[in-house]
Amino acid sequence: MGRRQVIGVDVGGTFTDLILMDPASGEVRLAKVPSTLDDQSRGVLNAVTEAQASLPETALVVHGTTTTTNAVLERKLARTGILTTAGFRDVLELGRRTRPQAYGMKGDFRPLIPRDLRLDVPERMDAQGRVVTPLDEEALRTAARTLLERGCQAVVVHFLHAYRNPAHELRAGEILKEIWPTPYITLGHALLSEPREYERGVTAAVNASVQPILDRYVQNLAAGLAQGGYAGDLLVMNGNGGMVSATRVAEEAARTVMSGPASGVMAAAFTGRAAGIPDLLTYDMGGTSTDVALIRGAEPAVSNEIEVEYAMPIHVPMVDVRTVGAGGGSIAQVNAAGLLEVGPESAGATPGPICYGRGGTRPTISDANLLMGRLDPARLKSVEGGVTLDQVRAAFADQLGAPLGLSPEEAAEAVIRMANVKMAGAIRMVSVSLGADPRDFALFAFGGAGPLHAAALARELGVPRVLVPARPGITNALGCLVADLRHDFTEAVGQPLDQLDMAALADTLTRQAARGRALIEREEVSVEEIRITHVLEMQFIGQTHLLRVPLDSPDITREALQAKFEQIYWDRFQVRLEKISAAVATASTAVIGRRAAFDPARLLPPENRAATLAEACRGSRPVLFDGQWHDTPLYQRDRLPADAAFNGPAILEQMDTTTLVPPGDRVTQDACGNILIEIGGAA
Amino acid sequence: MSLDPITLSVIQAGLQQVCDEMDLAFSRAAFSPVIAEANDRSDGIYAASDGALIAQGAQGLPVFVGTMQDSTRQLIERINSGITAAPEPDDIYIVNDPYLGGTHLMDVRFARPYYRGDKLFCWLSNTGHWPDTGGAVPGGFSASATSVEQEGLRLPPVKLFKKGVLDQEIWQIICSNIRVADQRIGDVQAQSAALKTGAARLDQLLDRYGDDTVEQAIAELHARSATQMRAFLSEIPEGRHGASAWIDSDGVVNAPLEIRLAVTRTGDRLRFDFTGSSAPCTGPMNSVRATTLSSVYLAMRHIFPEVPISAGAFEPLDITGIEGTFLDAHYPRPVSGCAAEVSQRIAEAVFAALAPALPARVTAAPAGTSGNFALGGHDPETDADYVMYQLSGGGYGGNADHDGLANGCSTIGISKAPPVEIMEARFPVLYLHYALHEGSGGAGRHRGGFGLDYALQLRRGAARASFVMDHGRDGPLGALGGRDGAPNQVRVRRGDTVHIPDHLSKEQDIPLAPGDIVHVRTPGGGGYGDPLARPPEAVAEDVRLGRYSTDEARHLFGVALAADGTADDAKTRQLRQG
């Protein structure tokens with residue numbers, strides 16, 4: 001029996017999800033097990049067992065991980081030192097002269113590497129890449145030994161202007177290889193060859209300080225899988241939505257920091273492509289926050305300038321996922337002006353919403369959904385602490401209803417309305433800042449709570465329809481299963497268009513494409529096609545913000561490029577600036593290896609479907625919409641007949657997600673098992 | 001019929017989103033890096049009748065929080081009295097007159113009437129900092145100006161766009177009076193496009209909820225913001241809370257200027273009385289009325305960030321006693337220092353007065369200067385003239401929760417500092433170091449944050465250095481027994497001699513030759529609480545990280561360290577008791 005099964009597995013904060021696909025039989029198996037946060041690889045192996053996967057028969061395992069994300073956000077990092085240009089060891093602590101919020105002069109900031117592990121070395125390049133001070137190799141050796149004595153496992157070399165001339169960093173790397181006992185050496189220019197010493201330094205420091213952690217983790221996992229008989233290559237999801245072999249992933253560990261969210265967006269792009277809905281706004285609502293991303297033409301927007309938290313820029317290409325501070329645990333309260341506020345304070349996972357029964361006492365979005373009948377009150381019975389609906393109702397009565405003059409249910413409805421307005425506003429801002437009008441997109445809802453709010457949000461945003469995939473709760477694992485191989489390259493150009501050597505530009509792009517092809521051909525994974533996209537970042541001279549200008553091929557005339565840029569500028573700003581000339585800031589190429597197709601219809605096995613809509617209905621319960629209680633049918637999502645079409649109100653239930661369809665909206669299904677909700681009378 | 005609180009909240013969020021979207025549109029399309037990168041701009045919605053602030057973008061520059069309503073009010077008054085032409089749909093007025101609700105000349109305001117049918121419903125307005133508006137020096141910050149004419153072109157409110165069309169005659173007058181005029185058309189387009197975006201989004205909001213409902217909501221939100229502010233004010237003990245903040249000098253006359261402030265709560269109102277502050281000054285450290293008011297408002301917003309920006313929130317605040325002082329300067333007093341320096345020191349006075357009254361909320365004083373260093377010269381390698389600005393952060397004040405942040409942006413700003421690599425690529429300078437200003441954080445139970453310590457060398461060509469900074473004489477104030485942060489220091493090494501400006505933090509046109517070095521150390525934040533109450537291990541950690549010396553640990557914090565660098569508990573106890 002040959003190796004043929006493919007497994008996608010995603011480790012999230014709460015659950016580890018797995019999808020197994022057998023391309024020959026078309027069989028799909030799913031597993032959902034608790035994540036094991038002390039060593040995520042145990043959870044992965046549990047999921048493999050749960051799905052009864054046969055590792056010897058498995059051709060490929062693709063993995064999305066939050067190992068590096070958590071390490072960074074919780075600052076559980078490997079002890080790391082940094083060697084900088086003399087006089088510049090404080091760059092990582094000084095930052096860019098910012099504060100966490102516009103108002104309030106408080107805040108806390110811990111640099112990634114503490115001051116005693118930041119040592120400097122005599123050397124200096126100028127901005128043109130000319131040597132001002134030669135590298136003092138002896139001083140470098142001494143400093144490196146000091147870092148070792150202070151217990152460092154990983155080291156960064158970060159010299160000024162190394163993006164222009166990396167000679168000193170390269171030489172330092174050679175010397176370190178002789179004396180540094182681990183392979184964890186990061187040269188600042190290697191991941192990001194662009195000016196801006198803080199951003200480049202932080203990116204390098206993140207890379208070095210998660211390298212040992214990621215390396216140990218993937219090695220454990222690979223060993224565990226091998227023990228189970230797996231003989232293939234383990235691939236890990238990068239933040240750019242592409243995959244890279246576990247044997248090399250740690251070299252550029254910083255690229256995995258957004259691995260989890262990227263896989264969800266990749267699944268959305270895949271689903272949208274299969275469903276013929278290529279323009280999507282993804283909406284992943286969880287317990288504490290909501291992730292939003294934009295997909296155009298089935299391609300997720302990618303950014304080189306993500307800031308994963310305050311003063312933590314990681315400037316490698318990553319799927320542009322923006323986090324909005326509202327989730328099921330967002331707390332509702334009445335402020336001193338007598339107005340209702342929802343968030344940004346959150347009850348988090350502990351104590352969590354009141355309905356979790358973990359001691360939460362303050363009303364949250366989840367509790368409001370429960371009071372309105374949108375979540376199943378029967379679930380309260382299984383809650384450990386034992387919470388009753390009356391307790392939730394009492395909290396709404398006391399904390400919200402009384403000051404607002406509303407009944408508990410009216411207060412709950414107000415909370416949901418307010419939360420939706422806020423989330424819609426935040427999504428609109430994300431969309432507008434990426435140059436898109438949300439009304440031109442469909443909303444792709446997933447995550448635990450996404451499908452519960454999506455239709456109302458769509459109405460608020462003027463979005464005409466919502467797509468809820470077959471398995472909203474395991475979208476990230478699906479993303480692993482369907483992800484492409486992807487390599488991104490960016491080079492600084494920094495030339496006015498009228499002086500640009502167009503042949504040299506074409507040459508740069510062509511070389512980038514060739515490098516990417518070579519890398520993909522080295523992977524063991526078979527790809528069906530290789531796609532290459534070129535993008536120039538451009539601006540009018542004197543501007544600082546950049547616009548992305550996609551090219552059809554590396555060869556383009558100066559005049560055609562000028563015209564293309566002006567058109568994109570017009571589309572974005574409705575402004576023509578004919579007398580000002582344009583400049584090209586960077587030239588990028590993405591090389592994407594697309595893997596064999598996967599039939600999404602398999603995610604909901606046809607044999608489970610009921611013959612009629614009535615058979616898929618397990619009853620009804622009253623649900624509050626717009627001040628009216630509606631007796632709302634409860635459908636088992638997995639059992640809906642393939643041709644089912646019906647009007648809201650309705651609730652669709654499945655393993656870990658509830659989809660809410662308000663009155664006036666219409667539900668249909670497509671051939672892939674996706675639910676489409678057409679928003680009636682969108683505002 | 002009164003509106004339900006939920007509709008109110010929803011409309012409040014909607015108005016806020018209109019403003020946020022204007023902010024975004026303005027920054028993304030702007031040419032001026034001061035606007036595009038540093039977000040030195042703000043957008044808002046103002047009442048048709050009196051310009052009262054209805055909503056303003058959350059990411060607008062804090063110093064504009066109160067100036068734009070004043071600017072809009074003055075525009076309305078001039079229209080009503082026939083001085084300025086009456087509005088028509090799609091008109092946009094331009095104005096930068098500091099004495100008509102402004103800051104300094106570089107902050108250019110646009111105002112666009114917003115109509116529903118024939119009725120003027122409200123005003124949309126924005127401010128953007130232009131890189132130059134003419135005057136004696138590029139950029140407009142002349143430390144030695146003695147009248148506003150030396151600072152640049154002053155525009156009263158005039159229609160730059162008439163029914164949507166740019167008035168070429170006015171535009172040509174502007175272009176003939178400012179530097180780098182060819183790029184300004186891009187900023188004008190960005191600034192007007194932002195207002196157009198706002199109008200389109202406001203249309204949607206009004207279409208959805210109805211004009212009457214939104215109008216009613218605006219009135220109700222105004223009243224409720226005032227209620228919310230009053231509720232917060234009740235946290236302040238009744239009575240008088242006084243403090244003074246000092247400005248080194250006005251740049252021309254070398255004498256300190258005092259901001260004398262008495263804050264008094266009576267019932268649910270708070271009075272800020274500036275009686276006794278210094279008289280208007282000869283040099284550019286004057287403030288205008290709108291900026292002074294705005295500085296108080298932004299300080300209060302730093303203290304109570306929960307209250308949304310609206311005229312209602314300012315209603316319970318009375319600001320008195322500024323007449324006849326340098327905080328209410330009139331034509332032709334020079335004012336270029338008002339937005340960047342005087343405003344921050346007004347905020348410092350507010351913080352210092354209220355820290356003892358609101359110890360959980362108010363921080364010790366932050367650095368309080370924008371650290372403006374300008375270098376202008378000719379680069380023989382590119383054969384081009386240049387003007388370089390280095391604006392620097394400083395330490396923030398310690399507070400009830402934390403030590404102060406290091407190298408934070410000014411109180412009145414929110415911008416990022418340019419990277420050293422970008423500065424060196426553009427200008428003929430080499431930075432020798434860019435580091436923490438060690439020892440600068442004011443000692444306290446929670447110490448102040450550290451300032452910045454940088455030095456740069458001129459590599460080629462002749463140049464002139466100018467400084468408009470402050471806090472050179474005394475450091476930012478400590479609070480509740482905390483010590484002051486270290487003062488600002490400027491040193492210019494010319495050949496073999498070291499020059500210290502007479503005014504310490506201000507001087508214009510110091511000639512530099514290749515090899516000369518400018519060395520600046522920016523202030524640390526004030527300390528919070530008794531330094532002797534700081535945990536000895538926190539002091540030992542600061543010493544281990546080279547932030548303070550062993551000597552400073554002993555003298556400032558009363559902490560003795562053992563040979564291995566940890567705190568020596570017995571000796572520390574002795575020091576602290578003695």
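Begin by selecting domain 2 and domain 3 of chain B, where six residues of domain 2 are in contact with seven residues of domain 3; two residues count as in contact if their C-beta atoms, placed from the backbone, lie within 7 Å. This is a predicted model, in which local features need pLDDT of at least 70, side-chain atom pairs count only at pLDDT 80 or more, and totals for chains, interfaces and linings use all residues. Residues are numbered from 1 along each chain as its sequence is written, while chains are lettered from A and ligands numbered from 1 in the order in which they are written.

To find these domains, select residues 366-527 of chain B for domain 2 and 536-577 for domain 3, with domain 1 at 5-227; such bounds come from an automatic or database domain assignment. The C-alpha centres of domains 2 and 3 of chain B lie 29 Å apart. On the side of domain 2 of chain B that touches domain 3, there are three nonpolar, one polar and two charged residues (Ala, Val, Leu, Ile, Met, Phe, Trp, Tyr, Cys and Pro count as nonpolar, Asp, Glu, Lys and Arg as charged, and the others, Gly among them, as polar).

If you colour chain B by pLDDT, the predictor's confidence in each residue from 0 to 100, the average is 94, and 100% of the residues score at least 70. For the complex, the predictor gives an ipTM of 0.93 and a pTM of 0.91.

Next, show both chains: the contact takes 60 residues from chain A and 66 residues from chain B. On the chain A side, α3 (91-94), α7 (197-227) and α12 each supply at least two residues, and the largest share, ten residues, comes from α12(A). Helices here are DSSP runs (H or I, at least four residues), numbered from the N terminus. By class, this side of chain A divides into 29 nonpolar, 16 polar and 15 charged residues.
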